[in-house]
Amino acid sequence: MTKPVLIIGGGPAGLSAAHALAISGRKAILVEKEDRLGGAPILQGYAKLVPSHEWARDAIGGMVNRVVSNPLVDVKLNSSVQKFDGEPGNFVATLKDGSTVEADTAILTTGFTHFDSINKPEWGFGTYPDVVTTVQVEQMISSGKGIRCPSDGRVPDRVAILLCVGSRDRQIGREWCSKICCTVSANIAMEIREMSPKTNVYIYYMDIRTFGLYEGEYYWGSQEEYKVKYVKARIAEVTSDGKRLLVKGEDTLVKRPISIPFDMVVHAIGMDPNVDNMTISSVFDVKLNKYGYIGKPSTYLHMAETSRPGVFVAGSATGPETIDDSIAQGTAAAMAALNFANMAVQAAAE
Amino acid sequence: MPIHEKSLIRPEKLVEHEHLVIEGMDVSGHWSTFIEGRSLTDYNEAMQDEIAALPGGENIHRCWQCGSCTNACTVNAINPEFNPRYWIYLIRLGMEEELLRDKDIIWQCVSCNKCTYACPRDVVPEAVMKATAHWLELKGHTPKSPSMIFDEGFSDQVFHSGKIEDSLVLRNFFKATGQPLTQPWLVAMVTGLIKRFPVFYLIRLGLLTLFHPKTKRWGKARAAIHEYVEECETANRKALGLDAKGAE
């Protein structure tokens, strides 16, 4: 009962789980493989978050400080779990430096990996410097440099955002919708328009999935307040005429091929399963689902459970997820870990 | 089985050489038939702003192409080529050349406003159609439509005298549209009036036709209206990048 809960991954879900456990009076060990806490929003340099418009460093930074300053949380940076043995209530984890920690239960908040656009070479990433990803645009904004073409530093007159790069595409084995890219792209489009009103932004889409309340602020807002243009076309190819990028495809509504010059093309990259998931799966002996995310056997009865008793999961380790839902799931996983320990105590008492 | 793509071939894109020899091979006539590409190579980014600057076009940028307007449209039910949803898209993306292909039917909107009440985004497609017809006229792509000619004649009279005189409105309209005044329905109406109307009213009608009375102390109102109308027209032309005064 006195053993801590082991949390793997210091992103929004892990930070949320650690905080929830600590304020409930339980000890937690937070293992993070990078040298900083915060997960993708901090490590990848996101700018303003959906839906609060707070800067990532402020919003997630607040979560980090709350966890770091809590004496019940033992943060281990530059670390990872190499071995994980034992039974629920008596787990022993061997860390990278050879040390071992004991834990009651474990929560996997190991997150996702951004899709690597190199895997869709026809869309020009890696070939043309002015073809960038949504993450790079986030970094341009968060670093204060503004939207500039990497090739020569000019402010683009025209930007194309291509949706579903690395999502909804059987050709590259990624059939899922990454859920957040439509909203993130609309948000980025609005930020570009705000920083540079002369820059026209076009979003090329198959469907727009700014679900729930994101619809009004992001989809409608980007059109109505920022005059972002949405074009129904799955782009076939991004090439260059020597001066500008050429975006080629079929405009579905006009039933005509298009070949339109742009200064910058942005790939709205999706959320892949964490590249380390095979290792995580074998170390923790948890099953992955058919897409390669960490599987959840039950949707309704035990939302945070994995295939292994005593090992829970939360956030984008389970599939594409928003930051706010990851935080909610982190709290739910903490609750599941607390319940699990409680039940063990009751069983022992009987 | 018919090939659907054939419907996309436009006659002006079909090229055929009557006499052509390539590398010693005679490919004259239909042997040299070639279909030119249909690719759109650019967007005219000014177009949406131009339409939005005209009265009625203000909300065009809201459209998300759901098709509620076309689905509700009275004219579309008769002529499937009449497609407000499609034209709004062309304007939004600046596909001017595509829009101009339909310039002779866009003005046929009957302003029933069914689209206005169907549109989930409050684009007000009916008003956009008006703004578009107006744009086509101002840019010189279409002649003034009969309804525009009628409206102008009507409002000119109101602005001038604060009143309208029906027979003058009609005469001016028929003159401006090159139609004979002896329209059978008009002749029938006038002879019917003469036969049945009390003499007193007939005399009044006749006098009104000869002398056009004005609203009392109208001068100030007329000046203000003229000033305002001119201001609006100048702003419209400026938004479209045209000279301050009509070129047509």
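Biologist: Is A:Phe340 buried, partly exposed or exposed?
Modeller: A:Phe340 counts as partly exposed, because its relative accessibility is 21% and buried means under 20%. Keep in mind that this is a predicted model.

Biologist: And what about A:Phe312, buried or exposed?
Modeller: A:Phe312 counts as buried, because its relative accessibility is 2%.

Biologist: How many aromatic pairs are there over all chains?
Modeller: A search of the whole structure gives 21. A:Phe312 and A:Phe340 form one of these aromatic pairs, and it's edge-to-face, with 5.9 Å centre to centre and 75° between the planes.

Biologist: Which parts of the chain does that pair link?
Modeller: Distant ones: A:Phe312 is in strand S18 (residues 311-313) of chain A, while A:Phe340 is in helix H8 (residues 323-349) of chain A. The two residues are 28 residues apart.

Biologist: OK, over to chain B. What sort of pair do B:Phe82 and B:Trp87 form?
Modeller: An edge-to-face aromatic pair, at 4.9 Å centre to centre and with 85° between the planes. Both B:Phe82 and B:Trp87 are buried.

Biologist: Which residues form one aromatic cluster with B:Trp64?
Modeller: A:Tyr205, A:Tyr219, A:Trp220 and A:Tyr230. B:Trp64 also has the charged end of B:Arg121 sitting over its ring, 4.6 Å from the centre.

Biologist: What does B:Arg121 form a salt bridge with?
Modeller: With A:Glu224, and the closest N and O atoms are 3.0 Å apart.

Biologist: Which bits of chain A supply the side that touches chain B?
Modeller: Strand S11 (200-205), helix H6 (214-224), strand S12 (229-232) and strand S15 (256-262) of chain A each supply at least two residues. The largest share comes from S15(A), with seven residues.

Biologist: And how many residues are in contact?
Modeller: 26 residues of chain A with 25 residues of chain B. The two chains bury about 2500 Å² between them, and 48% of that is on carbon and sulfur atoms. A:Lys229, A:Leu253 and A:Arg256 supply 27% of the area that chain A buries against chain B, more than any other three residues.

Biologist: Changing topic: where is A:Arg174?
Modeller: In the loop between strand S10 (158-165) and helix H5 (181-195) of chain A.

Biologist: Why does A:Arg174 count as buried?
Modeller: Because its relative accessible area is 18%, and the cut-off for buried is under 20%.

Biologist: What does the side chain of A:Arg174 make a polar contact with?
Modeller: The side chain of A:Asp272, at 2.7 Å. Leaving out residues up to four places away in sequence, A:Arg174 touches A:Asp272 and others, including A:Phe115 and A:Asp169.

Biologist: Last stop, helix H7 of chain A. Which of its residues are buried?
Modeller: In that helix (residues 277-284), the buried ones are A:Asn277, A:Ile280, A:Ser281, A:Val283 and A:Phe284.

Biologist: Which strands do they pack against?
Modeller: Strand S1 (5-8), strand S4 (81-87), strand S7 (105-108) and strand S17 (271-273) of chain A.

Biologist: And what happens just after H7(A)?
Modeller: There A:Asp285 takes a positive phi of about 55°.

How values were computed. Residues numbered from 1 in each chain as written. Chains lettered and ligands numbered in written order. Predicted model: local features only at pLDDT ≥ 70, side-chain atom pairs only at ≥ 80, totals over all residues. Heavy atoms only, no water. Buried < 20%, exposed > 50% of the residue type's maximum accessible area, 1.4 Å probe, protein only. Helix = DSSP H or I, 4+ residues; strand = E, 2+ residues; numbered from the N terminus. Contact = heavy atoms within 4.5 Å. Phe/Tyr/Trp six-rings, centres within 6.5 Å; stacked < 30°, edge-to-face > 60°. Lys NZ or Arg CZ within 6 Å of the ring centre and 35° of its normal. Buried area = accessible area lost by both parts, 1.4 Å probe. Salt bridge = Lys/Arg side-chain N within 4 Å of Asp/Glu carboxyl O. Polar contact = N/O pair within 3.5 Å; in protein donor to acceptor, adjacent residues only side chain to side chain.
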